[in-house]
Amino acid sequence: MTTASHTVATAPQPAAVRTFPPGFLWGTATAAYQIEGAAAVDGRTPSIWDTFARTPGKVRNGDTGDIATDHYHRWREDVALMADLGVGAYRFSLSWSRVQPTGRGPAVQKGLDFYRRLTDGLLEKGIQPVVTLYHWDLPQELEDAGGWPERATADRFAEYAALAVEALGDRVRTWTTLNEPWCSAFLGHASGVHAPGRTEPVAALRAAHHLNLAHGKAVQALRAGLPDEADISITLNLHHVRARTGNPQDTDAARRIDALANRVFTGPLLTGAYPADLLADTARLTDWSFVRDGDTATIHQPLDFLGVNYYTPTLVSAAGDEEPGHSFDGHGESGHSPWPGADEVVFHRPPGRTTAMGWAVDPSGLYDLLLRVKADVPDLPLMITENGVACDDYVDPSGAVHDPDRIAYLHGHLAAVHRAIEAGVDVRGYFLWSLLDNFEWGYGYSKRFGAVYVDYPTGRRIPKASARWYAEVARANALPEGGEEEA
(Lines give C-alpha, C1' and ligand atoms only; values in the text may rest on other atoms or scores of the structure.)
Protein backbone atom coordinates (compact mmCIF):
# COMPACT_ATOMS: atom_id res chain seq x y z
CA MET A 1 0.00 0.00 0.00
CA THR A 2 1.45 3.32 -1.01
CA THR A 3 1.69 6.28 1.32
CA ALA A 4 -1.70 7.99 1.64
CA SER A 5 -2.17 11.40 0.08
CA HIS A 6 -4.05 12.54 3.20
CA THR A 7 -6.63 14.46 1.23
CA VAL A 8 -10.37 13.90 1.27
CA ALA A 9 -11.68 12.54 -2.01
CA THR A 10 -14.71 14.14 -3.54
CA ALA A 11 -17.49 11.58 -3.44
CA PRO A 12 -19.85 11.36 -6.39
CA GLN A 13 -23.44 12.30 -5.72
CA PRO A 14 -25.41 9.28 -4.48
CA ALA A 15 -28.00 7.75 -6.77
CA ALA A 16 -31.63 8.06 -5.82
CA VAL A 17 -31.95 4.28 -5.52
CA ARG A 18 -29.07 2.62 -3.70
CA THR A 19 -29.23 -1.00 -4.75
CA PHE A 20 -26.20 -3.17 -4.03
CA PRO A 21 -24.76 -5.61 -6.59
CA PRO A 22 -26.41 -9.03 -6.97
CA GLY A 23 -24.91 -11.51 -4.53
CA PHE A 24 -23.69 -8.81 -2.13
CA LEU A 25 -23.14 -10.57 1.19
CA TRP A 26 -24.91 -9.17 4.25
CA GLY A 27 -23.62 -10.47 7.55
CA THR A 28 -22.88 -9.83 11.18
CA ALA A 29 -19.85 -10.62 13.30
CA THR A 30 -18.61 -11.53 16.80
CA ALA A 31 -15.42 -12.72 18.53
CA ALA A 32 -14.99 -15.78 20.74
CA TYR A 33 -13.74 -14.20 23.97
CA GLN A 34 -16.32 -11.43 23.76
CA ILE A 35 -19.37 -13.70 23.67
CA GLU A 36 -18.69 -17.36 24.41
CA GLY A 37 -18.16 -17.50 28.15
CA ALA A 38 -17.70 -21.09 29.39
CA ALA A 39 -14.13 -20.10 30.11
CA ALA A 40 -13.14 -23.37 31.81
CA VAL A 41 -15.60 -25.77 30.13
CA ASP A 42 -14.75 -28.84 28.02
CA GLY A 43 -11.00 -28.45 28.30
CA ARG A 44 -10.62 -24.78 27.51
CA THR A 45 -7.64 -23.19 29.28
CA PRO A 46 -6.82 -19.50 29.88
CA SER A 47 -5.92 -17.23 27.01
CA ILE A 48 -4.02 -13.98 27.38
CA TRP A 49 -7.35 -12.18 27.70
CA ASP A 50 -8.40 -14.35 30.65
CA THR A 51 -5.16 -13.42 32.36
CA PHE A 52 -5.32 -9.75 31.40
CA ALA A 53 -8.93 -9.37 32.55
CA ARG A 54 -8.00 -10.78 35.95
CA THR A 55 -5.17 -8.29 36.39
CA PRO A 56 -6.38 -5.47 38.65
CA GLY A 57 -6.90 -2.18 36.85
CA LYS A 58 -6.70 -3.55 33.31
CA VAL A 59 -10.42 -3.87 32.50
CA ARG A 60 -13.15 -1.45 33.55
CA ASN A 61 -15.08 -2.60 36.63
CA GLY A 62 -12.94 -5.73 36.83
CA ASP A 63 -15.10 -7.36 34.14
CA THR A 64 -14.03 -10.65 32.55
CA GLY A 65 -15.24 -12.86 29.72
CA ASP A 66 -15.91 -15.81 32.04
CA ILE A 67 -19.62 -15.73 31.20
CA ALA A 68 -19.90 -12.94 28.61
CA THR A 69 -23.18 -13.55 26.74
CA ASP A 70 -22.95 -17.32 27.36
CA HIS A 71 -23.02 -17.97 23.64
CA TYR A 72 -21.35 -21.34 24.28
CA HIS A 73 -24.61 -22.57 25.80
CA ARG A 74 -27.05 -20.26 23.98
CA TRP A 75 -25.73 -20.57 20.43
CA ARG A 76 -28.97 -22.08 19.14
CA GLU A 77 -30.88 -19.02 20.33
CA ASP A 78 -28.33 -16.76 18.70
CA VAL A 79 -28.46 -18.63 15.39
CA ALA A 80 -32.25 -18.33 15.48
CA LEU A 81 -31.86 -14.57 16.01
CA MET A 82 -29.65 -14.37 12.93
CA ALA A 83 -32.17 -16.33 10.91
CA ASP A 84 -34.95 -13.98 12.04
CA LEU A 85 -32.83 -11.03 10.94
CA GLY A 86 -32.24 -12.60 7.55
CA VAL A 87 -28.47 -12.20 7.49
CA GLY A 88 -26.69 -14.28 4.90
CA ALA A 89 -23.42 -14.81 6.76
CA TYR A 90 -22.00 -14.95 10.27
CA ARG A 91 -18.36 -14.12 10.92
CA PHE A 92 -17.16 -15.70 14.17
CA SER A 93 -13.77 -16.57 15.61
CA LEU A 94 -12.46 -19.77 17.09
CA SER A 95 -11.01 -19.72 20.58
CA TRP A 96 -7.49 -21.10 20.10
CA SER A 97 -7.33 -22.25 23.73
CA ARG A 98 -10.67 -24.06 23.33
CA VAL A 99 -9.41 -25.91 20.27
CA GLN A 100 -5.79 -26.45 21.34
CA PRO A 101 -5.48 -25.50 25.03
CA THR A 102 -1.69 -25.36 25.26
CA GLY A 103 -1.16 -24.00 21.76
CA ARG A 104 0.62 -27.24 20.91
CA GLY A 105 -0.23 -30.83 20.14
CA PRO A 106 -3.57 -32.41 19.28
CA ALA A 107 -6.90 -30.64 19.32
CA VAL A 108 -9.51 -31.12 22.02
CA GLN A 109 -12.47 -32.68 20.26
CA LYS A 110 -15.04 -31.23 22.65
CA GLY A 111 -13.88 -27.77 21.70
CA LEU A 112 -14.02 -28.56 18.00
CA ASP A 113 -17.42 -30.16 18.48
CA PHE A 114 -18.81 -26.84 19.67
CA TYR A 115 -17.73 -25.19 16.43
CA ARG A 116 -18.99 -28.15 14.39
CA ARG A 117 -22.42 -27.82 16.02
CA LEU A 118 -22.46 -24.06 15.52
CA THR A 119 -21.44 -24.38 11.87
CA ASP A 120 -24.04 -27.06 11.19
CA GLY A 121 -26.71 -24.93 12.88
CA LEU A 122 -25.81 -21.98 10.65
CA LEU A 123 -25.88 -24.05 7.49
CA GLU A 124 -29.27 -25.51 8.42
CA LYS A 125 -30.61 -21.93 8.53
CA GLY A 126 -28.99 -20.98 5.24
CA ILE A 127 -26.38 -18.77 6.92
CA GLN A 128 -22.84 -18.88 5.54
CA PRO A 129 -20.19 -19.50 8.25
CA VAL A 130 -17.12 -17.25 7.99
CA VAL A 131 -14.37 -18.38 10.35
CA THR A 132 -11.64 -16.18 11.83
CA LEU A 133 -8.81 -18.23 13.28
CA TYR A 134 -7.46 -15.55 15.63
CA HIS A 135 -9.25 -12.66 17.31
CA TRP A 136 -6.62 -11.79 19.94
CA ASP A 137 -6.92 -14.74 22.37
CA LEU A 138 -3.49 -16.39 22.36
CA PRO A 139 -3.26 -19.43 24.68
CA GLN A 140 -1.55 -18.28 27.87
CA GLU A 141 1.02 -21.09 27.66
CA LEU A 142 2.31 -19.63 24.39
CA GLU A 143 2.53 -16.19 25.96
CA ASP A 144 4.51 -17.71 28.81
CA ALA A 145 6.91 -19.04 26.17
CA GLY A 146 7.37 -15.54 24.73
CA GLY A 147 4.19 -14.94 22.74
CA TRP A 148 4.01 -13.10 19.44
CA PRO A 149 7.43 -11.43 19.75
CA GLU A 150 8.88 -14.94 19.38
CA ARG A 151 9.16 -16.58 15.96
CA ALA A 152 8.00 -19.99 17.20
CA THR A 153 4.49 -18.64 17.79
CA ALA A 154 4.03 -18.29 14.02
CA ASP A 155 4.79 -21.99 13.61
CA ARG A 156 2.34 -22.90 16.36
CA PHE A 157 -0.34 -20.83 14.61
CA ALA A 158 0.16 -22.73 11.35
CA GLU A 159 -0.28 -26.01 13.22
CA TYR A 160 -3.47 -24.71 14.82
CA ALA A 161 -4.77 -23.59 11.41
CA ALA A 162 -4.24 -27.11 10.08
CA LEU A 163 -6.24 -28.58 12.99
CA ALA A 164 -9.08 -26.14 12.39
CA VAL A 165 -9.31 -26.79 8.67
CA GLU A 166 -9.18 -30.55 9.21
CA ALA A 167 -12.23 -30.27 11.49
CA LEU A 168 -14.25 -27.63 9.64
CA GLY A 169 -12.93 -27.51 6.10
CA ASP A 170 -15.77 -29.68 4.81
CA ARG A 171 -18.31 -27.17 6.14
CA VAL A 172 -16.64 -23.73 5.96
CA ARG A 173 -15.65 -22.16 2.67
CA THR A 174 -14.56 -18.71 3.86
CA TRP A 175 -11.61 -18.31 6.23
CA THR A 176 -9.81 -15.36 7.80
CA THR A 177 -6.40 -15.87 9.38
CA LEU A 178 -6.04 -12.88 11.72
CA ASN A 179 -8.34 -10.12 12.90
CA GLU A 180 -6.70 -6.71 13.26
CA PRO A 181 -3.08 -7.76 13.88
CA TRP A 182 -2.30 -4.07 14.51
CA CYS A 183 -4.24 -4.28 17.78
CA SER A 184 -2.53 -7.53 18.77
CA ALA A 185 0.92 -6.11 18.10
CA PHE A 186 0.72 -2.48 19.17
CA LEU A 187 -2.08 -2.28 21.74
CA GLY A 188 -0.92 -5.55 23.23
CA HIS A 189 2.83 -4.90 23.28
CA ALA A 190 3.45 -1.13 23.04
CA SER A 191 0.67 0.76 24.86
CA GLY A 192 -0.38 -2.24 26.95
CA VAL A 193 -4.12 -1.48 26.85
CA HIS A 194 -4.83 -4.91 25.36
CA ALA A 195 -3.61 -8.35 26.38
CA PRO A 196 -0.91 -9.30 27.14
CA GLY A 197 -0.42 -5.76 28.46
CA ARG A 198 3.23 -5.29 27.56
CA THR A 199 4.80 -1.86 27.00
CA GLU A 200 7.84 -2.74 24.91
CA PRO A 201 8.06 -0.91 21.55
CA VAL A 202 10.59 -3.30 20.00
CA ALA A 203 8.51 -6.29 21.10
CA ALA A 204 5.54 -4.69 19.33
CA LEU A 205 7.46 -4.50 16.05
CA ARG A 206 8.66 -8.07 16.47
CA ALA A 207 5.08 -9.14 17.17
CA ALA A 208 3.84 -7.38 14.04
CA HIS A 209 6.34 -9.30 11.92
CA HIS A 210 5.56 -12.64 13.50
CA LEU A 211 1.83 -12.05 13.12
CA ASN A 212 2.48 -11.38 9.42
CA LEU A 213 4.56 -14.55 9.24
CA ALA A 214 1.86 -16.51 11.05
CA HIS A 215 -0.65 -15.33 8.47
CA GLY A 216 1.51 -16.52 5.60
CA LYS A 217 2.15 -19.91 7.16
CA ALA A 218 -1.54 -20.29 8.02
CA VAL A 219 -2.58 -19.50 4.43
CA GLN A 220 -0.28 -22.29 3.26
CA ALA A 221 -1.87 -24.68 5.78
CA LEU A 222 -5.38 -23.64 4.75
CA ARG A 223 -4.65 -24.00 1.04
CA ALA A 224 -3.30 -27.50 1.67
CA GLY A 225 -6.50 -28.59 3.39
CA LEU A 226 -9.26 -26.70 1.55
CA PRO A 227 -10.86 -27.14 -1.86
CA ASP A 228 -9.81 -24.75 -4.59
CA GLU A 229 -13.07 -22.79 -4.39
CA ALA A 230 -12.50 -21.80 -0.74
CA ASP A 231 -11.83 -18.13 0.02
CA ILE A 232 -8.96 -17.09 2.31
CA SER A 233 -8.38 -13.61 3.68
CA ILE A 234 -6.97 -11.50 6.47
CA THR A 235 -8.84 -8.66 8.20
CA LEU A 236 -7.02 -5.37 8.84
CA ASN A 237 -8.25 -2.34 10.76
CA LEU A 238 -6.86 0.02 8.16
CA HIS A 239 -6.55 3.54 9.54
CA HIS A 240 -7.66 6.41 7.34
CA VAL A 241 -4.98 8.88 8.45
CA ARG A 242 -5.48 12.59 7.78
CA ALA A 243 -3.05 15.40 8.42
CA ARG A 244 -4.51 18.25 10.47
CA THR A 245 -3.08 20.82 8.05
CA GLY A 246 -1.28 20.78 4.74
CA ASN A 247 2.05 21.91 6.15
CA PRO A 248 4.99 19.53 5.56
CA GLN A 249 5.43 18.70 9.25
CA ASP A 250 1.83 17.54 9.56
CA THR A 251 1.84 15.57 6.33
CA ASP A 252 5.03 13.84 7.46
CA ALA A 253 3.36 12.99 10.77
CA ALA A 254 0.52 11.40 8.79
CA ARG A 255 3.03 9.46 6.71
CA ARG A 256 4.72 8.08 9.84
CA ILE A 257 1.45 6.93 11.34
CA ASP A 258 0.27 5.48 8.04
CA ALA A 259 3.42 3.35 7.95
CA LEU A 260 2.84 2.02 11.47
CA ALA A 261 -0.92 1.66 11.17
CA ASN A 262 -1.26 0.25 7.67
CA ARG A 263 1.84 -0.39 5.61
CA VAL A 264 3.62 -2.47 8.28
CA PHE A 265 1.02 -5.08 7.26
CA THR A 266 -0.01 -4.23 3.70
CA GLY A 267 3.61 -3.92 2.59
CA PRO A 268 4.64 -7.54 3.13
CA LEU A 269 1.11 -8.92 2.68
CA LEU A 270 0.34 -7.28 -0.64
CA THR A 271 3.72 -6.37 -2.15
CA GLY A 272 6.17 -8.71 -0.42
CA ALA A 273 8.28 -6.04 1.31
CA TYR A 274 8.29 -3.80 4.35
CA PRO A 275 8.22 -0.10 3.39
CA ALA A 276 11.61 1.61 3.47
CA ASP A 277 10.29 4.65 5.35
CA LEU A 278 8.95 2.43 8.16
CA LEU A 279 12.36 0.80 8.56
CA ALA A 280 14.02 4.21 8.59
CA ASP A 281 11.53 5.70 11.07
CA THR A 282 12.13 2.84 13.53
CA ALA A 283 15.87 2.36 12.94
CA ARG A 284 16.75 3.90 16.30
CA LEU A 285 14.69 1.13 17.95
CA THR A 286 15.62 -1.95 15.93
CA ASP A 287 17.52 -3.08 12.85
CA TRP A 288 14.67 -5.50 11.96
CA SER A 289 17.09 -8.42 12.01
CA PHE A 290 14.20 -10.60 13.17
CA VAL A 291 13.04 -10.57 9.52
CA ARG A 292 14.84 -13.53 7.98
CA ASP A 293 15.51 -14.36 4.34
CA GLY A 294 12.35 -15.76 2.77
CA ASP A 295 9.98 -14.35 5.39
CA THR A 296 8.37 -11.73 3.20
CA ALA A 297 7.87 -14.29 0.43
CA THR A 298 6.08 -16.52 2.93
CA ILE A 299 3.92 -13.61 4.08
CA HIS A 300 3.07 -12.56 0.51
CA GLN A 301 0.48 -15.28 -0.15
CA PRO A 302 -2.34 -14.82 -2.68
CA LEU A 303 -5.58 -13.65 -1.06
CA ASP A 304 -9.11 -14.13 -2.32
CA PHE A 305 -10.22 -10.89 -0.70
CA LEU A 306 -9.06 -8.39 1.92
CA GLY A 307 -11.17 -7.78 5.00
CA VAL A 308 -11.44 -4.10 5.97
CA ASN A 309 -12.57 -2.93 9.41
CA TYR A 310 -13.48 0.74 9.77
CA TYR A 311 -15.04 2.84 12.53
CA THR A 312 -13.56 6.35 12.44
CA PRO A 313 -10.76 8.37 10.79
CA THR A 314 -7.45 9.33 12.42
CA LEU A 315 -6.38 12.99 12.59
CA VAL A 316 -2.74 13.82 13.33
CA SER A 317 -0.22 16.65 13.39
CA ALA A 318 3.38 17.24 14.29
CA ALA A 319 3.91 18.23 17.91
CA GLY A 320 3.82 21.93 18.72
CA ASP A 321 5.17 23.70 21.78
CA GLU A 322 1.74 23.63 23.41
CA GLU A 323 0.91 19.98 22.73
CA PRO A 324 3.83 17.57 22.88
CA GLY A 325 3.65 13.87 22.20
CA HIS A 326 0.98 11.18 22.14
CA SER A 327 -2.61 12.23 22.87
CA PHE A 328 -6.10 11.16 21.78
CA ASP A 329 -5.91 8.37 19.21
CA GLY A 330 -9.08 6.52 20.19
CA HIS A 331 -7.22 3.41 21.30
CA GLY A 332 -7.53 3.61 25.08
CA GLU A 333 -5.68 5.47 27.78
CA SER A 334 -2.08 4.63 28.55
CA GLY A 335 1.10 6.39 29.54
CA HIS A 336 2.78 4.44 26.74
CA SER A 337 2.33 5.09 23.02
CA PRO A 338 1.20 2.35 20.63
CA TRP A 339 3.22 4.08 17.90
CA PRO A 340 6.90 3.01 18.11
CA GLY A 341 9.22 5.59 16.63
CA ALA A 342 6.46 8.20 16.37
CA ASP A 343 6.05 9.35 19.96
CA GLU A 344 6.15 12.99 18.90
CA VAL A 345 3.07 12.77 16.66
CA VAL A 346 -0.07 14.35 18.13
CA PHE A 347 -3.49 12.75 17.67
CA HIS A 348 -6.56 14.98 17.62
CA ARG A 349 -10.22 14.25 18.15
CA PRO A 350 -11.81 14.97 14.75
CA PRO A 351 -14.60 17.56 14.74
CA GLY A 352 -18.29 16.72 14.72
CA ARG A 353 -20.48 14.11 16.36
CA THR A 354 -18.92 11.31 18.37
CA THR A 355 -19.99 7.88 19.50
CA ALA A 356 -20.12 6.42 23.01
CA MET A 357 -16.46 5.46 22.43
CA GLY A 358 -15.57 9.10 21.76
CA TRP A 359 -14.89 8.29 18.11
CA ALA A 360 -15.84 10.74 15.36
CA VAL A 361 -18.70 9.78 13.06
CA ASP A 362 -17.33 10.29 9.55
CA PRO A 363 -18.46 8.02 6.70
CA SER A 364 -16.25 9.92 4.25
CA GLY A 365 -13.26 8.23 5.88
CA LEU A 366 -14.57 4.83 4.80
CA TYR A 367 -15.20 6.04 1.26
CA ASP A 368 -11.71 7.54 1.01
CA LEU A 369 -10.13 4.42 2.48
CA LEU A 370 -11.85 2.07 0.04
CA LEU A 371 -10.75 4.19 -2.92
CA ARG A 372 -7.20 4.20 -1.63
CA VAL A 373 -7.10 0.41 -1.35
CA LYS A 374 -8.58 0.14 -4.83
CA ALA A 375 -5.83 2.42 -6.18
CA ASP A 376 -3.10 0.39 -4.46
CA VAL A 377 -4.36 -3.13 -5.27
CA PRO A 378 -6.88 -2.75 -8.11
CA ASP A 379 -7.62 -6.44 -8.60
CA LEU A 380 -8.14 -7.50 -4.98
CA PRO A 381 -11.79 -7.78 -3.89
CA LEU A 382 -12.69 -6.22 -0.54
CA MET A 383 -15.12 -7.11 2.22
CA ILE A 384 -16.22 -4.78 5.01
CA THR A 385 -15.68 -7.27 7.84
CA GLU A 386 -16.49 -4.86 10.69
CA ASN A 387 -18.35 -1.58 10.88
CA GLY A 388 -20.62 -0.41 13.67
CA VAL A 389 -21.04 1.92 16.59
CA ALA A 390 -21.31 1.94 20.38
CA CYS A 391 -24.36 3.80 21.68
CA ASP A 392 -25.79 4.41 25.15
CA ASP A 393 -28.59 1.89 24.64
CA TYR A 394 -31.26 1.10 27.22
CA VAL A 395 -34.55 -0.79 27.45
CA ASP A 396 -37.48 1.62 27.53
CA PRO A 397 -40.65 1.09 29.65
CA SER A 398 -42.28 -0.79 26.78
CA GLY A 399 -39.43 -3.31 26.70
CA ALA A 400 -37.99 -2.02 23.42
CA VAL A 401 -34.57 -0.63 22.57
CA HIS A 402 -34.62 2.34 20.21
CA ASP A 403 -31.22 3.31 18.77
CA PRO A 404 -31.70 5.97 16.07
CA ASP A 405 -28.05 7.05 16.33
CA ARG A 406 -26.93 3.56 15.32
CA ILE A 407 -29.34 3.51 12.38
CA ALA A 408 -28.02 6.90 11.24
CA TYR A 409 -24.40 5.70 11.59
CA LEU A 410 -25.05 2.52 9.62
CA HIS A 411 -27.00 4.36 6.95
CA GLY A 412 -24.19 6.85 6.44
CA HIS A 413 -21.50 4.21 6.23
CA LEU A 414 -23.50 1.93 3.94
CA ALA A 415 -24.09 4.94 1.71
CA ALA A 416 -20.31 5.43 1.64
CA VAL A 417 -19.82 1.77 0.66
CA HIS A 418 -22.41 2.15 -2.09
CA ARG A 419 -20.68 5.25 -3.44
CA ALA A 420 -17.35 3.40 -3.43
CA ILE A 421 -18.90 0.55 -5.42
CA GLU A 422 -20.27 3.07 -7.91
CA ALA A 423 -16.74 4.49 -8.17
CA GLY A 424 -15.43 1.07 -9.19
CA VAL A 425 -14.35 -0.52 -5.90
CA ASP A 426 -15.05 -4.26 -5.80
CA VAL A 427 -16.72 -4.57 -2.38
CA ARG A 428 -18.31 -8.01 -2.01
CA GLY A 429 -20.09 -7.70 1.34
CA TYR A 430 -20.66 -5.96 4.67
CA PHE A 431 -20.57 -7.39 8.20
CA LEU A 432 -22.24 -5.40 10.95
CA TRP A 433 -20.31 -5.26 14.21
CA SER A 434 -21.70 -6.70 16.34
CA LEU A 435 -24.52 -9.22 16.52
CA LEU A 436 -24.68 -8.94 20.31
CA ASP A 437 -23.71 -6.51 23.03
CA ASN A 438 -20.64 -8.13 24.56
CA PHE A 439 -17.39 -7.87 26.48
CA GLU A 440 -15.76 -4.83 24.88
CA TRP A 441 -12.15 -5.63 25.77
CA GLY A 442 -10.64 -3.05 28.15
CA TYR A 443 -14.03 -1.34 28.49
CA GLY A 444 -15.64 -4.48 29.90
CA TYR A 445 -19.42 -4.41 29.59
CA SER A 446 -19.67 -0.62 29.63
CA LYS A 447 -19.94 -0.19 25.82
CA ARG A 448 -22.72 -1.62 23.66
CA PHE A 449 -22.02 -2.31 19.97
CA GLY A 450 -24.69 -4.92 19.42
CA ALA A 451 -27.66 -4.94 17.09
CA VAL A 452 -29.16 -7.15 19.81
CA TYR A 453 -29.32 -5.87 23.38
CA VAL A 454 -28.10 -8.27 26.06
CA ASP A 455 -29.34 -8.01 29.62
CA TYR A 456 -26.22 -9.35 31.27
CA PRO A 457 -27.72 -10.55 34.58
CA THR A 458 -30.26 -12.75 32.79
CA GLY A 459 -28.72 -13.19 29.34
CA ARG A 460 -31.97 -12.10 27.72
CA ARG A 461 -31.63 -10.97 24.09
CA ILE A 462 -33.69 -8.03 22.79
CA PRO A 463 -33.27 -7.04 19.11
CA LYS A 464 -32.84 -3.27 18.86
CA ALA A 465 -34.58 -1.10 16.30
CA SER A 466 -31.34 -1.11 14.30
CA ALA A 467 -31.49 -4.91 14.02
CA ARG A 468 -34.88 -4.72 12.31
CA TRP A 469 -33.65 -1.87 10.11
CA TYR A 470 -30.56 -3.83 9.07
CA ALA A 471 -32.67 -6.91 8.37
CA GLU A 472 -34.77 -4.90 5.92
CA VAL A 473 -31.67 -3.53 4.19
CA ALA A 474 -30.30 -7.06 3.81
CA ARG A 475 -33.64 -8.41 2.57
CA ALA A 476 -33.97 -5.67 -0.03
CA ASN A 477 -30.25 -5.59 -0.90
CA ALA A 478 -30.78 -1.85 -0.97
CA LEU A 479 -30.43 1.18 1.24
CA PRO A 480 -33.56 3.23 1.95
CA GLU A 481 -33.40 6.91 1.15
CA GLY A 482 -32.70 9.44 3.90
CA GLY A 483 -31.59 8.86 7.47
CA GLU A 484 -27.90 9.66 7.23
CA GLU A 485 -25.55 12.59 7.06
CA GLU A 486 -23.89 12.42 3.68
CA ALA A 487 -20.16 11.92 3.56
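Author: Arg406, Ile407, Leu410, His411 and Leu414 of helix 14 meet Ala465, Ser466, Trp469 and Val473 of helix 15, where contact means heavy atoms within 4.5 Å. Sorted by class, this contact of helix 14 with helix 15 has six nonpolar, two polar and one charged residues. In that sorting, Ala, Val, Leu, Ile, Met, Phe, Trp, Tyr, Cys and Pro are nonpolar, Asp, Glu, Lys and Arg are charged, and the others, Gly among them, are polar.

This is a predicted model, in which local features need pLDDT of at least 70 and side-chain atom pairs count only at pLDDT 80 or more, while totals for chains, interfaces and linings use all residues. Residues are numbered from 1 along each chain as its sequence is written, and side-chain values use heavy atoms, with hydrogens and water left out.

Axes are lines fitted to C-alpha atoms, for helices over the stretch in contact, and angles run from 0 to 180 degrees between N-to-C directions. Helices (H or I, at least four residues) and strands (E, at least two) are DSSP runs, numbered from the N terminus.

Strand 13 (residues 452-455) pairs with strand 14 (residues 460-463) in the antiparallel sense over four bridges; two strands pair if DSSP finds at least two bridges between them. Asp455 has Arg460 in strand 14 as its bridge partner. Four residues lie between the strands of this hairpin, and Gly459 takes a positive phi near 80 degrees.

Elsewhere, three strands form an open sheet with mixed pairing, in the order 7-9-10. Its edge strands, strand 7 (241-243) and strand 10 (346-348), each pair on one side only. Neighbouring strands here are turned by 40 degrees against each other on average, direction ignored. Helix 10 (residues 248-271) packs on this sheet and touches strand 7, strand 9 and strand 10, its direction making about 170 degrees with that of strand 7. Strand 9 (residues 314-317) and strand 10 are antiparallel partners over three bridges, with Val316 opposite Phe347 in strand 10.
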